[in-house]
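Take a moment with the sequence and the 3D view before reading on.

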Amino acid sequence: MVQKYQSPVCVYKYPFELVMAAYEKRFPTCPQIPVFLGSEVLRESRSADGAVHLVERSCRLRVEAPRLLRKIAGVEHVVFVQRNVLNWKERTLLIEAHNETFASRVVVKENCSYTVHPENEDWTCFEQSASLDIRSFFGFESALEKIAMKQYTANVKRGKEVIEHYLNELISQGTSHIPRWTPAPVPEEDTHSQAGLRDPGSLEVCGPGSAQGPAPKMVSTDGDKLDADYIERCLGHLTPMQESCLIQLRHWLQETHRGKIPKDEHILRFLRARDFHLDRAREMLCQSLSWRKRHQVDLLLQTWRPPALLEEFYAGGWHYQDIDGRPLYVLRLGHMDTKGLMKATGEEVLLQHVLCVNEEGQKRCEGNTKQFGRPISSWTCLVDLEGLSLRHLWRPGIKALLRMIEVVEDNYPETLGRLLIVRAPRVFPVLWTLISPFINENTRQKFLIYSGSNYQGPGGLVDYLDKEVIPDFLGGECLCNVPEGGLVPKSLYLTEEDQEHRDQLRQWRETYQAASVLRAAPHEVAVEILERESVITWDFDILQGDVMFSLYHTKQAPKPGPREPGARAGGQLTDKGWALGADYSRVEAPLICREGESIQGSHVTQWPGVYLLQWQMHSAPGHMACSLPGVEDVLMALHSPGPRCKLLYYYEVLASEDFRGSMSSLESCSSRFSQLSSTTSSSSQSHSSSLVSR
């Protein structure tokens, strides 16, 4: 496995020319870097005008490894070849390095760049990346990998300190300014003779377009880069490898994720939750981003309004901050009628409220970071268990609690900084036994539990909260405006029919997606098929209006807009210039679907490529569209008031051998939407329709 390292952008608040003078003082030896034994120049050349300077060096580094490993390898130092391209005119230094020792067994590559800061020409940016590929090393591959990465990251930090040391040395010696390079005037009569004397092996043959290989990639410090000072100021202290993981995961999201890119604090939480294992953190974050999009969690704080009953009986709320500046959330769980709330609002409403609390917590962390001038990425929760009884151990309530814990653990990792549990009664160990196996080990270590009045005095709340913010009901002087909770009147309980309907809605939302279809603005879903004879199945309900459903095939993938397919307004993916029969073809006859109908069908693919499921508003026969609408039509439809159609849909791709049932008709099938359609549409009773599948 290839190990990679990517540094943040390090900014020296000195001009490029002065930084270069400090850099040159590192050679041929550097006492400040003990592992650097020395270097010698292999090749050096300059361009005719002196603007570009090429230096190739052989550098010797001492091997800091266990004696046994050094004895097996038979070396006490390793040799690296470093190629520096200094361009005084462009004010850049590009560095490439690779190992010569054990080159057939181990491949080490490094690229560094010094460039001018894009916003301040008197500052200099430094960035580096490296890769390590251990192919074989006498059976010690894993040990060598750990040693090499540990030493490399240690030297990364040391390298910045060395440059700063030599900068200070130059300034103390009176060198605080070095003039920028300017081209020397060349007499006209000498131009041709100088061109003839130019060294054919000079740097110019190594510039862009050179046949000797690609030039090192220029690294720019644009808005997508992470500054080392920004990381320290806003995200906290990270080791070089942790910084590298953050930068690599962030870059991967920018390259591949079409939706909203999470904030750096959010990405960092997932890395911490997976101990900075890049692949595991990436998988966890991708699943969470998909979950956020599916449930529109990004809009939760703007759209969620808790029912009045929840505001009155849910005994939880925000209350200043703890001694470290973390937002403080107070939950009087013992005073809360969890069974009554479940029966009066339903599990989904409680889950939505819990998610809203977590979203608000992240927002408050950002605010406290700005207020206190230091990174704050988690909050503290104070749970008062006075009044906890067997009523709180109601099995459906415990089941709902475990589900909420699972959702929060999966999507809000490392957001809980500390959990203070006070006045834990005798029944608490029973509750803890039930829920603790479902809580991550890292999270469990943040729990502090106090029984009786142990929370008072030294070692109690005063160690974590300022006396001025300890709630009055815990003996403090601060008035806490968190609702007191209490029993929910049974007259407010949901009926069984209401509860069943809410459960059905939850199941539908988890399985099916909603879409709106405007005039001349169809909703389209792109399905990529890699093998022929795969089976595309669909199931949808028309909730409002009449829709025409079609299935198309194209060899070229539609170019998505600024959001992910299916998530953009109107949902149109196709291009205006596409022509039916040339760029795409219809593989299923159009089907008119009336309001209230439930449609199921399938199609056995004949070719690989991209298949488009399209729903468009049904027009009268004389006005029926014969091709895909253009961009202007879509924009006009989106910005013009008018009727729209609504539908819920689900699709799936199956291998041919996995598909069961009739391939020609699903007329006898009934949609899972039938009850929903009958209650949300104004048409007569829902009925099934079918699509020809061959």
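This is a predicted model: local features need pLDDT of at least 70, side-chain atom pairs count only at pLDDT 80 or more; totals for chains, interfaces and linings use all residues.

Two packed helices are described by the angle between their axes and the distance between the axes.

| Helix | Residues | Packing of the pair |
|---|---|---|
| α6 | 240-256 | angle about 40°, axes 11 Å apart |
| α8 | 278-294 | angle about 40°, axes 11 Å apart |

The two helices α6 and α8 are therefore oblique to each other (angles under 35 degrees are roughly parallel, over 145 roughly antiparallel, 65 to 115 roughly perpendicular, the rest oblique).

Now for the rings: the structure holds 16 aromatic pairs (ring centres within 6.5 Å; planes under 30 degrees apart are stacked, over 60 edge-to-face, the rest tilted). In one of them, the centres of tryptophan 318 and tryptophan 379 lie 6.1 Å apart with planes at 80°, so the pair is edge-to-face. Tryptophan 318 sits in strand β9 and tryptophan 379 in strand β11, 61 residues apart. Tryptophan 379 is buried, at 6% relative accessible area (buried is under 20%, exposed over 50%, partly exposed in between).

Residues are numbered from 1 along each chain as its sequence is written. Local features need pLDDT of at least 70, side-chain atom pairs count only at pLDDT 80 or more, totals for chains, interfaces and linings use all residues, and side-chain values use heavy atoms, leaving out hydrogens and water.

Methods: Axes are lines fitted to C-alpha atoms, for helices over the stretch in contact, and angles run from 0 to 180 degrees between N-to-C directions. Helices (H or I, at least four residues) and strands (E, at least two) are DSSP runs, numbered from the N terminus. Rings of Phe, Tyr and Trp (its six-membered ring) pair if their centres lie within 6.5 Å; planes under 30 degrees apart count as stacked, over 60 as edge-to-face and the rest as tilted. Buried means under 20% relative accessible area, exposed over 50%, partly exposed in between (1.4 Å probe, protein chains only).
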